[in-house]
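Please look at the sequence and the model first, then read on.

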Amino acid sequence: MNRRLYTIYKKLYCYFGPQNWWPADSPFEVMLGAILTQNTNWHNVERAIHNLKKEKLLSVSKLAKVSQGKLACLIKPTGYYNIKAKRLNSFLKFFLKNYQGSIKKISSEHTPQLRRKLLSVNGIGQETADSILLYALNKPVFVIDAYTKRIFYRHHFIDGNAEYENIQALFMQHLKKNNKLFNEYHALLVRLGKEFCLKNNPRCSICPLK
DNA sequence: GACCAGGCACATC
DNA sequence: GATGTGCATGGT
């Protein structure tokens, strides 16, 4: 398994090249994007981030002062905007209360402990927590998403009801714990998923992994 | 018009 | 613990 997982990575990297994730100007923007992208097209997240930037709200202190109604309005393109506004607020409160909104402070916390704390914030589930850890804070944590599950299910690496922790353990136990590798690997899986492993329109016959 | 997208919380059994 | 449902915009 060890070698197979790495071989898949190399194949994907050769085929697609570097993905340069996460597309954002700052770790804080990554954190917001991680919540905004929940079950939503990335293009819509970009619109929402653009709205926030236009209003010059892309800082913890400024965003925390915005009313939930206005926030919901600004992030409307991402869908679920009322829920996501609430989730962003929960996260901002958590970030301010525990780390004074400092990336340096949140970064210095022991990863497993920080992961548990993130998961206790309303609106932050496993994928969002891990996206924040890996893509905002450069922690070597593998992110599992719907594409990853679908791809590895179709290639018979996991069964249909495999749980998040088990799939994550598969990657983390059989690959070098390296944040650059985990970053690129997950981004490549999303790219592969978008182009070759669609839900109802699988192009598996021409999948570069075959 | 149907289906899908870089999920999560909550209710119910 | 498993399964179902609400949340909602924009692209194909």
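How are α2 and α9 oriented to each other? They are roughly antiparallel, as the axes of helix α2 (residues 27–36) and helix α9 (residues 126–136) cross at roughly 160 degrees. This is a predicted model, in which local features need pLDDT of at least 70 and side-chain atom pairs count only at pLDDT 80 or more, while totals for chains, interfaces and linings use all residues. Residues are numbered from 1 along each chain as its sequence is written, and chains are lettered from A and ligands numbered from 1 in the order in which they are written.

**Domains**

- Chain A is divided into domain 1 (2–20 + 142–206) and domain 2 (27–136), with bounds that come from an automatic or database domain assignment.
- The C-alpha centres of domain 1 and domain 2 lie 25 Å apart.
- Between the domains, 7 residues of domain 1 are in contact with 6 residues of domain 2; two residues are in contact if their C-beta atoms, placed from the backbone, lie within 7 Å.
- On the side of domain 1 that touches domain 2, helix α12 (residues 179–196) gives the most, with 3 residues.
- That side of domain 1 divides into 4 nonpolar, 2 polar and 1 charged residues. Here Ala, Val, Leu, Ile, Met, Phe, Trp, Tyr, Cys and Pro count as nonpolar, Asp, Glu, Lys and Arg as charged, and the others, Gly among them, as polar.

**Helix packing**

- Two packed helices are described by the angle between their axes and the distance between the axes.
- Helices (H or I, at least four residues) are DSSP runs, numbered from the N terminus. Axes are lines fitted to C-alpha atoms, for helices over the stretch in contact, and angles run from 0 to 180 degrees between N-to-C directions.
- Angles under 35 degrees count as roughly parallel, over 145 as roughly antiparallel, 65 to 115 as roughly perpendicular and the rest as oblique.
- The axes of α2 and α9 come within 9 Å, and α2 passes α9 in a right-handed crossing. A crossing is right-handed if the near helix is turned clockwise from the far one by less than a right angle, and left-handed if anticlockwise.
- In this contact, P27, V30, M31, A34 and I35 of α2 meet T128, S131, I132, Y135 and A136 of α9. By class, the contact of α2 with α9 has 8 nonpolar, 2 polar and no charged residues.
- Helix α2 also packs on α3, at an angle of about 130 degrees and with the axes 10 Å apart; α2 and α3 are therefore oblique to each other. The crossing of α2 and α3 is right-handed.
- The residues that make this contact are E29, L32, G33 and L36 of α2 with V45, A48 and I49 of α3. They divide into 5 nonpolar, 1 polar and 1 charged.
- Helix α9 also meets helix α8 (residues 111–119): their axes come within 9 Å and cross at roughly 135 degrees, which makes α8 oblique to α9. Here too the crossing is right-handed.
- T111, L114, R115, L118 and L119 of α8 make the contact with Q126, A129, I132 and L133 of α9. The classes are 6 nonpolar, 2 polar and 1 charged.

**DNA strands**

- DNA strand B is surrounded by 27 residues, and the closest are Q38, W42, G125, T128 and N200. A residue is near a molecule or strand if its C-beta atom, placed from the backbone, lies within 6 Å of it.
- The elements that give two or more residues to the surface near DNA strand B are α9, α10 (146–154) and α12. The largest share, 4 residues, comes from α9.
- The surface near DNA strand B has 10 nonpolar, 13 polar and 4 charged residues.
- Residues around DNA strand C include N39, T40, N41, H43, N44 and K76. Two or more residues come from each of α3 (42–54) and α6 (81–99), and α6 gives the most, with 3 residues.
- The surface near DNA strand C divides into 4 nonpolar, 7 polar and 1 charged residues.

**Backbone details**

- Most residues other than glycine have a negative phi, and most peptide bonds are trans.
- N20, in the loop between α1 and α2, has a positive phi of about 55 degrees although it is not a glycine.
- W21 and W22 are joined by a cis peptide bond, with omega about -5 degrees. W22 is placed in the loop between α1 (2–16) and α2.
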